[in-house]
Amino acid sequence: MTLQTTPEADNGFEALGITGALLKGTLAAGLTTPKPIQTQAIPHYLAGRDVLGIAQTGSGKTAAFALPILTRIVALGAKRRPKCPHALILAPTRELAVQIDEAIRLLSKGMHITTCQVLGGVSRNMQVKRLRDGVDILIATPGRLVDLVREGDVKLDQTRWLVLDEADRMLDMGFINDVKKLARATHPDRQTTLFSATMPDEIEKLAMGLMKDPIRVSVAPQSTTVAEITQGLVKARTKQKRNVLADILRAEGDGPVIIFARTKHGADKVTRQLEQDGFAADVIHGNKSQNARQRALNGFRDGSVKILVATDIAARGIDVPGISLVVNYDLPDEPETYVHRIGRTGRNGLGGKSVTLCDPEEVSKLRAVEKVIRKAIPLVADHTGQPDPFQKPLPAGSRPERSERQGRPQGKPQGRPARSGQAPQRAGGKPAGAHHEAGRADERNGQPRRRRRRGNGGGAAKAA
Ligand code: AMP
């Protein structure tokens, strides 16, 4: 995303203390005006304070830590030394790490800043070589980095900036001991930033152990904006979902569309069926190689792949602007995941919609989702011919009007049932997201690792 403007234009970042080439970087990266998390964090960060932030993907948190770190590295003017990065950014997944690296490279274009990714699932030789050449900023997933530190390929004792991004997910994925180990290996006078979508006790404890008198910053949970995404419910039996999905995709035209499946096996099956039905689709999940995942993601980003099928974990943290439709092929095991899924669309004020396919067997999961979003998802089509399982009342206080549940505007006469391909009308929407997820993939081999659960629901291990 490139903003057509002159480098001199004032987009509000100068007032936060961002200057020179980096200011140009904000313009080149399309940062229009500082987001709340950036306004809150950047001045404190530049003043040398540790920052503890509650923020989700989509909030602008990457620039909130990247801009001050880049500013400080340039001001430090220190020479790069082999194996000794100035800054370390830890992320829970490979996809998020790649995304952070891309954002930093865009912001620091022309500034001679070097970055390096250390990620599981890809060859380490290139990583080790790059580290030997000397890098300013290392972006890593914890498992592989612990290995490289142990083997002496990375030395962190000169690392003065440490970022823990999406700390609650690192906790969930069982990385917390690795994170502590890595943090302990950095310079004692480092500046530490921790971003997390939630602040459970364990994260608070971790933060207190690693940070000195941090400034706390927070942006409103994105779940509050879900109401602005147009949501639709299609009742369909599992065996009907294939055709229903094809109808929806034909009706929706060009995409980009992201389809969520609950399991890796399910995601593969949906992708195969789509291809058989004449749709070009790609898939990402934890059993795919890092290269295959990145290829699929790049294709989706550059528009050569219009339909991406994903499991929740693989899609977590991915920020692809302009997704027009999210399809929930299956209801998620954890209701909060629904909010995160549909938050893939409607970003940056663009319109967004979601369609959820629900088999009668999934009705308890539907109820759980509706409880979380505190409204019923409007019905746009029913292919089951058996409405009974869907008729259970919602919890007191959250039962919608009958007309809303049946997808008809109040006061309008009842028409014939909607076609299977009928999806909700486009509407303006903002980013949305939630933080819970059913299972976690091991970054080293794409398999589930130790799993901590805060919610209910089953099948998590398969859902990576
Ligand atoms: P993040 O939460 O860091 O993953 O950022 C989400 C998206 O918001 C990215 O596509 C950024 O390019 C975009 N973004 C971040 N800050 C700004 C800003 N100040 N103005 C416009 N877009 C932004």
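Residues are numbered from 1 along each chain as its sequence is written, and side-chain values use heavy atoms, with hydrogens and water left out. Because the model is predicted, local features need pLDDT of at least 70 and side-chain atom pairs count only at pLDDT 80 or more, whereas totals for chains, interfaces and linings use all residues.

The protein chain contains 16 helices and 14 strands, where helices (H or I, at least four residues) and strands (E, at least two) are DSSP runs numbered from the N terminus. Of the 464 residues in the chain, 57% are buried; buried denotes a relative accessible area under 20%, exposed over 50%, and partly exposed the range in between, with a 1.4 Å probe and protein chains only. Among contacts (heavy atoms within 4.5 Å) with a separation of 6 or more, 76% are made by residues 24 or more positions apart. The chain exposes about 19,100 Å², of which carbon and sulfur atoms supply 50%; accessible areas come from the Shrake-Rupley method with a 1.4 Å probe, and for residues only the protein chains shown count as cover.

The ligand is surrounded by 16 residues, the closest being Q38, G58, G60, T62 and D319, where a residue is near the ligand if one of its heavy atoms lies within 4 Å of it. By class, this shell comprises 3 nonpolar, 10 polar and 3 charged residues; Ala, Val, Leu, Ile, Met, Phe, Trp, Tyr, Cys and Pro count as nonpolar, Asp, Glu, Lys and Arg as charged, and the others, Gly among them, as polar. An oxygen atom of the ligand lies 3.0 Å from a backbone N or O atom of S59, a polar backbone atom of G60 is 2.7 Å from a ligand oxygen, and an N or O atom in the side chain of T62 is 2.6 Å from an oxygen atom of the ligand. Of the 500 Å² of accessible area that the ligand has on its own, the protein covers 86%.

The structure holds 23 salt bridges, each defined as a side-chain nitrogen of Lys or Arg within 4 Å of a carboxyl oxygen of Asp or Glu. One of them joins R293 and E95 at 2.6 Å, N to O, and links distant parts of the chain, with R293 in helix α12 (residues 290-302) and E95 in helix α4 (residues 94-107), 198 residues apart; both residues are buried. R150 counts as exposed at 57% relative accessibility, whereas D147 is buried at 13%. E362 and K241 meet at 2.7 Å, N to O; E362 lies in the loop between β13 (353-358) and α15 (363-373) and K241 in helix α10 (residues 241-252), so the pair ties together parts that are 121 residues apart in sequence. E362 is buried, with a relative accessible area of 10%, and K241 is likewise buried, at 1%. Salt bridges that share partners also join K61, D165, E166 and R169 into one network.

Positive phi values in residues other than glycine include that of E166, near 50°, in the loop between β5 (161-164) and α7 (167-172); E166 counts as buried at 6% relative accessibility. Phi of H112, also a residue other than glycine, is positive and near 60°. H112 lies in the loop between α4 and β3 (115-118) and is exposed, with a relative accessible area of 68%.

Technical notes
A polar contact is a pair of N or O atoms within 3.5 Å; within protein, one must be able to donate a hydrogen and the other to accept it, and residues adjacent in sequence count only if both atoms are side-chain atoms.
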